[in-house]
Amino acid sequence: MDQAARDRLDASARKILEDNDRGGYTVPTSGLYPFQWNWDSCLVALGWAAFDEARAWQEIETLLSAQWDDGMVPHIVFRRPDPGYFPGPEVWRTGRTPATSGITQPPVAASCVRRILERARDRTCAEAAARRLFPKLLAFQRWFHRVRDPGRLGLVATLHPWETGMDNSPAWDEALGRIEVAPDLEPYTRRDTQHVAAAERPTSAEYDRYMTLVELYRAHDYGPGIVREAPFRVADVATNCILLRADRDLLWLANRLGPTDAPRDEIAGWISRAEASFARFRNPATGLWRSYDLRADAPVPTATHAGFLAFWAGVGDDALAESLDKWLAGTRYGLASVRADDPRFERQRYWRGPIWAITNFLIGEGLAESGFERLAARLRDDTAALIAAHGFFEYFDAVDGRGCGGDRFSWTAAMWLAWARQAT
Ligand code: GLC
């Protein structure tokens, strides 16, 4: 890519973040997602850090200011009303200020804090911010281990497809399909399909089940007891890999920042417990990694691209890299979220096939760190090519690369600024 093209894309990406800035937090895209989302904000902070480090720190601080007393960081923070989104605060009714949802999302925060700190130009500001954030990151990850792994399995449970960040992934079909839609489900009107074509979004059968789970958890006030009650309870390979990586980064932060009371042994214990339990994700027959259905006590039948996050967690191996090579051979651009020859593959339907810049980044950086340079470069260069040809879309059609979902999307802009712009 020539310098002029790169400069143009840099300017557009910055403009997207600035336009999506609502004063201290960034919405994923205006219209479709008008609030602050958990993992979006952390990844978007990496983009801000490329040109405004203070604003990057502010993004994560704003998110963590909505942390619950028990340590949970909610998946959405509703800072101002917006009738264009469903389900909004009047559905979640968590009784918090600011209003939030009652479930969480993959904990990328600590890894983003480490990354921004390591690259910071303003080291004094960065160290001060990371020190302020450290206790909150620790509380978040401790919450995951304590509340979501009550049996100390070394695998944390996810209780709603929205918590995985990969809402309608085919990995959830069986677990979600077993849920009976509540007969007295409150009538509702979806808003997402007013912004984006229904063919690119989850189906209404899935939505009824998403809402059944929300109403059930709300009835239990989103307390720790919902782990036992939850009709949907999976060990999501993505969340577990992201948490393992976050635990490693938290330990790194503890050593780097040197709080004397940092519970290093406790964090090291989480790491070794996870490492010992991850065999559960591996499918020896295919070399692929997939999630584990804790209710059914069986692996989920469908492996998705989430399994390649093992590289981000530092536990990917040669067999997985070989599988990735084969997976990449199925489409012109990488990385399709579902293998193109899988019967459940749908090229444009959200997490059922399309390509996402954020997962390309997480997997790509993990590959580079584990020495799989060629595969890492492939994911980075493909991400750059998709953005250059089609724009900063939420995600991309897995067959021809066309932009899908929301346009002018913050995390795609951030992935450009933080990573893909280094493409060859
Ligand atoms: C969708 C995505 C989720 C993301 C959110 C906001 O729900 O599945 O991963 O955080 O939109 O972009």
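Ser101 sits in the loop that runs between strand S3 (99-100) and helix H5 (109-119), with helices (H or I, at least four residues) and strands (E, at least two) taken as DSSP runs numbered from the N terminus. The model is a predicted one, so local features need pLDDT of at least 70 and side-chain atom pairs pLDDT 80 or more, while totals for chains, interfaces and linings use all residues. Residues are numbered from 1 along each chain as its sequence is written, and side-chain values rest on heavy atoms, with hydrogens and water left out.

Ser101 counts as buried because its relative accessibility is 0% (buried means under 20% relative accessible area, with a 1.4 Å probe and protein chains only). Setting aside neighbours within four places in sequence, Ser101 is in contact (heavy atoms within 4.5 Å) with residues including Trp68, His75, Phe78 and Trp92.

Now for the rings. Those of Phe, Tyr and Trp (its six-membered ring) pair if their centres lie within 6.5 Å; planes under 30 degrees apart count as stacked, over 60 as edge-to-face and the rest as tilted. By this rule there are 35 aromatic pairs. One of them, Phe278 with Phe281, is edge-to-face, at 5.1 Å centre to centre and 75° between the planes. Phe278 and Phe281 are both buried. Elsewhere, ring pairs link a cluster whose members include Tyr33, Trp37, Phe78, Tyr350 and Trp411. Phe78, then, turns up among the contacts of Ser101 and also in this ring cluster.

Note on methods: Buried < 20%, exposed > 50% of the residue type's maximum accessible area, 1.4 Å probe, protein only.
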